[in-house]
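This briefing covers a protein chain, grouped by topic. Its sequence and structure come first.

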Amino acid sequence: MIYYETGWSGCNFLFQWRGSVFPYAFCVALPSSLIALLLKELDNNDLLGDWKGMQIIVDNTAYASFNFLVGFVIVFRTSQAYSRFWSALFDMHQMCAQFFDAASGVVAFCRPSEHGDRAVASF
């Protein structure tokens, strides 16, 4: 289990490295971003030769389709998580109500008993 130190702001756990996915994401994203930066600088300074002014995507249909797909997946997953949260919350409240009913039933049936304290305690 990871123990978080809240600090003075209460949000210090957001910026810690231990137990976070940011170190792995940083290792994956850094090489790609450096290559993209290098290619863009080479293109801006006309050092690419025949590749000058590369137009990889001249039509934005593929980009728009990808954005639509990613947006749909994010909304769908968020909706599923929201639904599961409220279902779990409802089940938790129902479970607490059942525990309360069980405890109140035990108290109600044991309190006015005419048997001795040992018989009530063993029940």
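Trp 86 is partly exposed, at a relative accessible area of 43%; partly exposed lies between buried, under 20% relative accessible area, and exposed, over 50%, with a 1.4 Å probe and protein chains only. The model is predicted: local features need pLDDT of at least 70, side-chain atom pairs count only at pLDDT 80 or more, and totals for chains, interfaces and linings use all residues. Residues are numbered from 1 along each chain as its sequence is written, and side-chain values use heavy atoms, leaving out hydrogens and water.

**Overall make-up**

- The protein has 3 helices and 0 strands; helices (H or I, at least four residues) and strands (E, at least two) are DSSP runs numbered from the N terminus.
- Read from the N terminus, the order of elements is α-α-α.
- Of the 123 residues, 3% count as buried.

**Aromatic pairs**

- The structure contains 4 aromatic pairs; rings of Phe, Tyr and Trp (its six-membered ring) pair if their centres lie within 6.5 Å, and planes under 30 degrees apart count as stacked, over 60 as edge-to-face and the rest as tilted.
- One of them joins Phe 72 and Phe 76, stacked at 6.5 Å centre to centre with 15° between the planes.
- Tyr 82 and Trp 86 pair edge-to-face, because their ring centres are 6.1 Å apart and their planes stand at 75°.
- Phe 72 and Phe 76 lie 4 residues apart in helix H2 (residues 61-110), so about one helical turn separates them.
- Tyr 82 and Trp 86 are likewise 4 residues apart in H2, about one helical turn.
- An α-helix has 3.6 residues a turn, so residues three or four places apart point the same way.
- Phe 76 is partly exposed at 48% relative accessibility, while Tyr 82 is exposed at 54%.
- Ring pairs also link Phe 68, Phe 72 and Phe 76 into a cluster.

**Helix H1 and its ends**

- H1 has 23 residues and spans 31 Å from first C-alpha to last, close to the 33 Å expected at 1.5 Å a residue; the expected span is 1.5 Å times one less than the number of residues.
- H1 has a kink of about 30° at Ala 29, shortly before the proline Pro 31; the bend is the angle between axes fitted to the seven residues ending at a residue and the seven starting there.
- Val 21 sits in the segment before H1 (22-44) and is exposed, at 63% relative accessible area.
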